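Hi everyone, thanks for making time.

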Amino acid sequence: MLTDVELELMIALWQIGSGSVREVMAALSGESKRAYTSVATIMKILDDKGYVTSERQDRSLIYTPTVKRSEYEGKSLKNLSDSLFGGTPTALVARLVDNEDLTDEMIQEIKAIIETRIRKDDG
């Protein structure tokens, strides 16, 4: 799994599709100001871990994700479910739905997603 900082940079890279260290830095949220050298080092680590590839264009390395965001999200949720909820996705969903911060609108959206999945499985 990615560290918090690695994930922050991956999210920025997923948003822009591919880019140089400067482009990744520009895509970071306003609160996340990082030094160029720090971002460059983390991008190299992500390349070494296989989450991105790099290609030299002119004087810059251009980084491209090798893992889709949806794949990483699924892997992360599976890991969370396994480690924190005993591998039971229903326990994870139950905890999520029990969260007091969910609005009625959010709960209705979750319900619609589940109903769509049920229809897909039945169809």
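This is a predicted model: local features need pLDDT of at least 70, side-chain atom pairs count only at pLDDT 80 or more; totals for chains, interfaces and linings use all residues.

Let's start with helix H1, residues 4-16, and helix H3, residues 36-49: they pack with their axes 10 Å apart, at an angle of about 85°. Angles of 65 to 115 degrees count as roughly perpendicular, so that's what we call H1 and H3. Who makes the contact? On the H1 side you've got Val5, Glu6, Leu9, Met10 and Leu13, and H3 brings in Val39, Ile42, Met43, Ile45, Leu46 and Lys49. Sort those residues and you get nine nonpolar, two charged and no polar.

Okay, salt bridges. Side chains of opposite charge can pair when their charged atoms come close. The count here is six, and I'll show you some of them.

Glu8 pairs with Arg34, with 2.6 Å between the closest N and O atoms. That one links distant parts of the chain: Glu8 sits in H1, while Arg34 is 26 residues apart from it, in the loop between helix H2 and H3. Is Glu8 buried or exposed? It's buried, at 17% relative accessibility, whereas Arg34 is partly exposed at 32%.

Now over to helix H4, residues 69-84, where Glu73 and Arg69 are four residues apart, so about one helical turn separates them. Their side chains form a salt bridge at 3.2 Å, N to O.

Lys78 and Asp82 are also four residues apart in H4, and their salt bridge comes in at 3.0 Å. Lys78 is exposed at 52%, and Asp82 is partly exposed at 38%.

That's my tour, thanks!

Conventions
Residues are numbered from 1 along each chain as its sequence is written. Side-chain values use heavy atoms; hydrogens and water are left out. Axes are lines fitted to C-alpha atoms, for helices over the stretch in contact, and angles run from 0 to 180 degrees between N-to-C directions. Helices (H or I, at least four residues) and strands (E, at least two) are DSSP runs, numbered from the N terminus. Angles under 35 degrees count as roughly parallel, over 145 as roughly antiparallel, 65 to 115 as roughly perpendicular and the rest as oblique. Contact means heavy atoms within 4.5 Å. Ala, Val, Leu, Ile, Met, Phe, Trp, Tyr, Cys and Pro count as nonpolar, Asp, Glu, Lys and Arg as charged, and the others, Gly among them, as polar. A salt bridge is a side-chain nitrogen of Lys or Arg within 4 Å of a carboxyl oxygen of Asp or Glu. Buried means under 20% relative accessible area, exposed over 50%, partly exposed in between (1.4 Å probe, protein chains only).
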